[in-house]
Amino acid sequence: MAYDRILVPVDGSAPSSAGLAQALRLCAPGTQVKLLHVLENPTYAYGAMDYALDYDELFAAQEVQGWKTLESAAAAAKKRKVKALPELVEARGRRVAEVIGREAERWKADLVVMGSHGRRGMTRVLLGSDAEAVVRSTRVPLLLTRAGKGIKVSRAANFRRIVVPLDGSATSKAGLAAAVQIASHSGATLQLVHVIDVAPGFHVPGGGSVLANIRSSLHKRGEQLLNEGIEIAHAEGVKAGSCLLQKSVGPAADAITAEARRWKADLIVIGTHGRRGLARALMGSDAELVVRQAETPVLLIHGRGKR
């Protein structure tokens, strides 16, 4: 689908360049791109206890390097015939995630595209709890893409094979709605997945027969969710299949990314704050697992997002 206003944070790292390249491939004629470089306080970037550093000098050097980074990114955009607006913003003691979120809202972006494992501030944005912080700070969809050996990056303007985890929550439904919208414009096929935990971490009175009934109920509920999702996709003319996944150990993120690899997906779309398995997949340490393990970009959709 065509995005009108794409915000791309850049920091000069290889993953940041991968994020920019992904964003440029999504641009249609008339798409506006804003390149954002966040200038951190040297105290946060280099450490508050290093009194030997001249922070004014470091800040000035960071500013010069920041503009060089933006100019390089703008040149890459120009090669793709995309007009990009560079902007350097001072963090002023705020977390980089917060700055990005506020700029996305202020500029009325309809997509933020970021490369993972950027350096300094961007490292914290994309790993661990700050991946969640970016989502909390903006309702704009966030597309995370990785760079590195074995990582599959779509060379086409549109994604063609999209995995969509479902868990029955309102937020996972928001993820499905976004995926259907993307597929309806691009002709992509959806693979809807639901993860069942077949080894609950609690004692089940009554033994195996009760546990078997619980598993049966979970299977039926999962199949119902997947069938409902397929009906929603088909109603919009979108092709969709489904897969009911089981796990006995490990996070739901493991099952989701494994299915994406098996199915040769080029995008995973997930609604944030989903319950049960998705709650773990998108919050805390497992947010890092989804992005680190996925060999494709991951699009996070806020449950109350714009799209």
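## Rings and charges

In this predicted model, the number of aromatic pairs is 0; such a pair needs the ring centres of Phe, Tyr or Trp (its six-membered ring) to lie within 6.5 Å. Residues are numbered from 1 along each chain as its sequence is written, and side-chain values use heavy atoms, without hydrogens and water. Local features need pLDDT of at least 70 and side-chain atom pairs pLDDT 80 or more, while totals for chains, interfaces and linings use all residues.

R5 lies over the face of W107, 4.2 Å from the ring centre, and R161 lies over W263 at 4.0 Å.

The model has 6 salt bridges, each a side-chain nitrogen of Lys or Arg within 4 Å of a carboxyl oxygen of Asp or Glu. In helix α9 (residues 252-262, a DSSP run of H or I with at least four residues), R262 and E259 are 3 residues apart, about one turn. Their N and O atoms come to 2.7 Å. R262 is exposed at 52% relative accessibility, whereas E259 is buried at 4%. Here buried means under 20% relative accessible area, exposed over 50%, and partly exposed in between (1.4 Å probe, protein chains only).

Helix α4 (residues 96-106) holds R106 and E103, also 3 residues apart, and their side chains meet at 2.7 Å, N to O. R106 is partly exposed at 47%, and E103 is buried at 10%.

Notes
Phe/Tyr/Trp six-rings, centres within 6.5 Å; stacked < 30°, edge-to-face > 60°. Lys NZ or Arg CZ within 6 Å of the ring centre and 35° of its normal. Helix = DSSP H or I, 4+ residues; strand = E, 2+ residues; numbered from the N terminus.
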